[in-house]
Amino acid sequence: MKVAALAFLLTAFAFAQNPSDSSQSTAASDKSKKKTTITESLPASSLVKGAWDFGVWGQGGHSVSGGISNTSLGDAGFRIGKVLTEEHLGGWARGNLEYAIDLIPLYVLSGPFQPVPTGVGTCVIGVKCGVAFAQQTVYGGAFNPFIARWNFTSGKRLAPFLELGGGVLFTNHDIPFGSSNVNFTPQAAIGINIFTRERRAISLDFRYEHISNAGLAKPNPGINTLQGGIGYHWFKGPVLGGRQSPLQSSR
């Protein structure tokens, strides 16, 4: 009887402990899951408030309707940016705001910029005469002091973004001839950062850029362009929660 009573007491004690153990196990599992979510989200652990964005990039494209046609262009430069805010919103829209500037030492345009005479002095009724424009390659550099980007940070490796910006372009010849060699470049882009590891990402983007002198000179026909770009980015600065993540401390 003593043995049976002892067995009964041990069984009752075991059942009494199970709910607590199960609760602790569930809480530990949830905590581990949350920790894994944070550390495995490379955008969330890299694009944190105060982090610096250093990048190199290149892009190219062609003109579209609404301005000078038959124009191709390519440019390359450096980016310096900083994440300004904590994460906001929720779900797929969760993200933060980044401000950046671009330094663009190389900008090449090829388009109908060079004037050539067409029958000047021999015009007759019904025959087009005057000045036409031949293809010319123009070189320059640009500076974009205003770039605002919203980084979507909910993914594990992919961080899409939306971007608005603008700057000024200086060229060695007027584009086109007789207008201005100083032009402005308002632009908008959509793209994605592909994180290869924490704080390292390859960027791909698709950009609309308008080039015009904003009335500084006449004529001011403008050039509307669509461009595709690729870049590589290093993110430096604060870490998530003010401490190193396991991914960083393991390296």
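From the N terminus on, the elements of the chain follow the order α-α-β-β-β-β-β-β-β-β-β-α. That comes to three helices and nine strands. Helices (H or I, at least four residues) and strands (E, at least two) are DSSP runs, numbered from the N terminus. The model is predicted: local features need pLDDT of at least 70, side-chain atom pairs count only at pLDDT 80 or more, and totals for chains, interfaces and linings use all residues. Residues are numbered from 1 along each chain as its sequence is written, and side-chain values use heavy atoms, with hydrogens and water left out.

## The chain as a whole

The chain has 251 residues, and 37% of them count as buried. Buried means under 20% relative accessible area, exposed means over 50%, and partly exposed lies in between (1.4 Å probe, protein chains only). Accessible areas come from the Shrake-Rupley method with a 1.4 Å probe; for residues, only the protein chains shown count as cover.

Contact means heavy atoms within 4.5 Å. Among the contacts in the chain with a separation of 6 or more, 66% are between residues 24 or more positions apart.

## Nonpolar cores

In soluble globular proteins, nonpolar side chains tend to be buried together. A nonpolar core is a set of buried Ala, Val, Leu, Ile, Met, Phe, Trp, Tyr and Cys residues joined through side-chain atoms within 4.5 Å. The largest such core here has 13 residues, and those with the most contacts inside it are Tyr107, Leu109, Phe113, Leu169, Ile175, Ile211 and Ile223. Two or more residues of this core come from each of strand E3 (95-118) and strand E4 (130-152). E3 gives the largest share, four residues.

Another core, of nine residues, lies apart from this one; Leu42, Ala51, Phe195 and Ala201 are among its members.

With neighbours within four places in sequence left aside, Leu169 is in contact with Tyr107, Leu109, Gly141, Ala142, Ile175, Asn181, Val182, Asn183, Thr185 and Ile211.

## A nonpolar patch on the surface

Nonpolar residues also occur at the surface: Trp52, Phe54, Val56, Phe78, Ile80, Leu103, Phe143 and Trp234 form a patch with about 670 Å² of accessible area together. Strand E1 (52-64) and strand E2 (72-83) are the elements that give two or more residues to the patch. The largest share, three residues, comes from E1.

Patches are made of residues with over 30% relative accessible area and no salt bridge; like charges are joined within 9 Å, nonpolar side chains (Val, Leu, Ile, Met, Phe, Trp, Tyr) within 5 Å. A salt bridge is a side-chain nitrogen of Lys or Arg within 4 Å of a carboxyl oxygen of Asp or Glu.

Valine 56 lies in strand E1 and is partly exposed, at 34% relative accessible area. Tryptophan 52 is partly exposed at 35%, and phenylalanine 54 is partly exposed at 34%.

The whole structure holds five aromatic pairs. One of them is formed by Trp52 and Phe54, which are stacked at 6.3 Å centre to centre with 20° between the planes. Rings of Phe, Tyr and Trp (its six-membered ring) pair if their centres lie within 6.5 Å; planes under 30 degrees apart count as stacked, over 60 as edge-to-face and the rest as tilted.

## Serine 72

Serine 72 is in strand E2 and is partly exposed, with 31% relative accessibility. Not counting residues up to four places away in sequence, Ser72 touches Gly61, His62, Val108, Leu109 and Ser110. Serine 72 and threonine 225 are 153 residues apart in sequence, yet 8.3 Å apart in space, C-alpha to C-alpha.

## Backbone angles in the loops

Most residues other than glycine have a negative phi, and most peptide bonds are trans. The table lists exceptions.

| Site | Feature | Angle |
|---|---|---|
| Isoleucine 175 to proline 176 | cis peptide bond | omega near -10° |
| Lysine 218 to proline 219 | cis peptide bond | omega near 5° |
| Asparagine 70 | positive phi | phi near 55° |
| Leucine 89 | positive phi | phi about 65° |

Proline 176 is in the loop between strand E5 (158-171) and strand E6 (182-184). Proline 219 is in the loop between strand E8 (200-211) and strand E9 (223-236). Asparagine 70 is in the loop between E1 and E2 and counts as exposed at 53% relative accessibility. Leucine 89 lies in the loop between E2 and E3 and is exposed as well, at 63%.
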